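Let's take a walk through a protein together.

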Amino acid sequence: MTPLLLLLCLPLALAGHDYGQALSKSILFFEAQRSGYLPHNQRVTWRANSGLNDGKASGADLVGGYYDAGDNVKFGLPMAFTVTMMSWSIIEYGKQMAASGELGHAMNAIKWGTDYFIKAHPQPNVLYGEVGDGNTDHNCWQRPEDMTTDRRAYKIDPSNPGSDLAGETAAAMAAASIVFRHSDPAYSSELLRHAYQATCQAQVSAAFMVYIGFSVVSVIALFDFADKYRGKYDSSITVAQKYYRSISGYNDELLWAAAWLYQASGNQHYLDYLGKNGDSMGGTGWGMTEFGWDVKYPGVQTLVAKFLMQGKAGHYAPVFERYQQKAEYFMCSCLGKGSRNVQKTPGGLIFRQRWNNMQFVTSASFLATVYSDYLASAGRDLKCSAGNVAPAELLGFAKSQVDYILGDNPRATSYMVGYGNNYPQRVHHRASSIVSIKVNPSFVSCRGGYATWFSSKGSDPNLLVGAVVGGPDAYDNFGDRRDNYEQTEPATYNNAPILGILARLNAGHGGYNQLLPAIVPAPTPVVTKPSPAPKPKTIPPTKPITTPAPASSSGPIAIQQKLTTSWISNGKRYYRYSTIVTNKSAKTLKNLKLSISKLYGPLWGLTNLGNAYGFPSWLNNLAAGKSLEFVYIHTANAADVSVSAYTLA
């Protein structure tokens, strides 16, 4: 059985997800991350105004924007990526969000970010990229409303360039301009005025500038700034290096911004930029297996492949085909059908790194979702080294990742706070872990917050509804501890890509043509009553199985089983067992076959060979001294696991 089919065997508590509810919660999370003066329709009522003097010392108004994660710093690069991905979600699936009544909330979430970017771009060649200092902030555990940390503002300019930061911010504003084009044309034009290249070097028509509402010579925008004054932003804003270092450089952001400016304007200049610079700037050369706030190449390649399938490539078709090849390299790697595939946990989750791995899961799943719809709209399959793949399989992969996040995993844990019955209770997040200032206005000091609240073993006093946390390790293990920041800290860029996937899954299948021009409908008025915090379901204790799981050995192969957790669903107690298989020999173990009997539930981390189990699809052998882990869930004692065949080479 494949992991996808195994999910069908899980109890009802672990399957049949309410994607509409998850969408609503995932959007609500952004209201908990707001900085500045909170609006009258704020639904996360345990938050209050904060950061009201941001930018004042620099002579700028930088009030507003988002805190990136569980701290109180406003980092420009991940914030801009967050807004770009929220906008892309609406551009592709805005109609589906409107049908669920969430489009207005999602657009408000974008505008909260873009309003801040407009303030952060006060002059043509100046962009503020950070407010606050991660070093001093991380030494304190305070509510945003109590902040006593350094709120210095950091900027880029011609003498201190940051092409990656300016490029991503231009991409965010261009993408957001599409979102607001029909519901608020004036605001849409204002966003383009900041994003658009508008100097005499722009090589764009004055007629188009008049059409979008500004003078050719009056605005020098972010893309021109990014492209003309090249450099990595963290070489200028050095305090960001420890937290959001730009490893990939800035070429990917320049291509990314050009792609979004073309999508927003249809202007040939930006299509030319993609066509002429694709080879030299890595767009056609880099085959990647990750996509996120730092590495934009798969996103660029996916957008350019869309332009190609829309018939817009013109004489750049050969170049755009090379972009598309790299886009499909990424998709195939996610499916495990490429020449170099992504690592996955035994439970089937993409695994890139231990610290906040979930950011890569949601972003990759979003690309898989939109590319599946692009392919289906074009009537073609995905071309992988392992053979052609139907678009539905790509969407199925994205669904499997979202279902894992929502609870279909070996721990039966939802990694979206407030969704389901079993989710993280001790999130690494200052605001949610400290009693609301509205409940207890007593000042929480820098170190006092650590002593009283960070060290508390209790559940968070404020439920951070909708937050997607960092997630499990490479073996599906997860520690629900506030000090376990690698796994329990949420981030805005974890949530942003999942909005589109959830809207797509909630709307069902069929009737999509994602190659047509994007038209985002005007949002319908929504009721903005505060959402009550859901209470975790209390489960009466029952006596668990205490029989130790057996260990066995077959010559050079050792097998060790252990019971890792248990829970109750629909009156039944379920047990999760972890099994470690170790090659004790001095040679490489190949052609392993395991016999497993008395197994009454799903298993992850092995390939079902019919009458036996073999290595998982991502593993061909086991080197000397190395181990593999597989897990299974059922309602009984540990299954009987033994070695039926193997070879040593």
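Where is the place of K598? K598 is in the loop between strand 9 (589-597) and strand 10 (603-604). Helices and strands here are DSSP runs numbered from the N terminus, with at least four residues (H or I) for a helix and at least two (E) for a strand. K598 has a positive phi of about 60° although it is not a glycine. Most residues other than glycine have a negative phi. D476 also has a positive phi, of about 70°, and is not a glycine either. You'll find D476 in the loop between helix 19 (446-454) and helix 20 (485-488).

Before going on, a word on what you're looking at. This is a predicted model, in which local features need pLDDT of at least 70 and side-chain atom pairs count only at pLDDT 80 or more, while totals for chains, interfaces and linings use all residues. Residues are numbered from 1 along each chain as its sequence is written, and side-chain values use heavy atoms, with hydrogens and water left out.

Now zoom out. The protein has 21 helices and 15 strands.

Next, head inside. In soluble globular proteins, nonpolar side chains tend to be buried together. A nonpolar core is a set of buried Ala, Val, Leu, Ile, Met, Phe, Trp, Tyr and Cys residues joined through side-chain atoms within 4.5 Å. The largest one here has 158 residues, and W88, W260, L274, F320 and L382 touch the most other members. Helix 3 (residues 76-99) gives the largest share of this core, 12 residues. A second, separate core has 21 residues, including I559, L594, F615 and V641. Back to W260: leaving out residues up to four places away in sequence, W260 touches T84, W88, I91, A171, A174, A175, I178 and L303.

Stay with helix 3 for a moment, and find P78 there. P78 is buried, with a relative accessible area of 0%. Y493 is 415 residues from P78 in sequence, yet their C-alpha atoms are 6.7 Å apart in space. Apart from neighbours within four places in sequence, P78 is in contact with Y244, W293 and Y493.

How do helix 3 and helix 21 (residues 492-507) meet? Their axes (lines fitted to C-alpha atoms over the stretch in contact, with angles from 0 to 180 degrees between N-to-C directions) come within 8 Å and cross at roughly 10°. The two helices are therefore roughly parallel to each other, a label for angles under 35 degrees. Among the residues making the contact are P78, F81 and M85 of helix 3 and Y493, A496 and L499 of helix 21.

Last stop: helix 13 (residues 268-277), where eight of the 10 residues are buried. L274 is one of them, as are Y270 and D272. What covers the buried residues includes helix 9 (222-228), helix 12 (251-265), helix 14 (297-309) and helix 15 (317-335). At the start of helix 13, a side-chain oxygen of N267 reaches to within 2.9 Å of the backbone nitrogen of H269.

Technical notes:
Buried means under 20% relative accessible area, exposed over 50%, partly exposed in between (1.4 Å probe, protein chains only). Contact means heavy atoms within 4.5 Å. Angles under 35 degrees count as roughly parallel, over 145 as roughly antiparallel, 65 to 115 as roughly perpendicular and the rest as oblique. A polar contact is a pair of N or O atoms within 3.5 Å; within protein, one must be able to donate a hydrogen and the other to accept it, and residues adjacent in sequence count only if both atoms are side-chain atoms.
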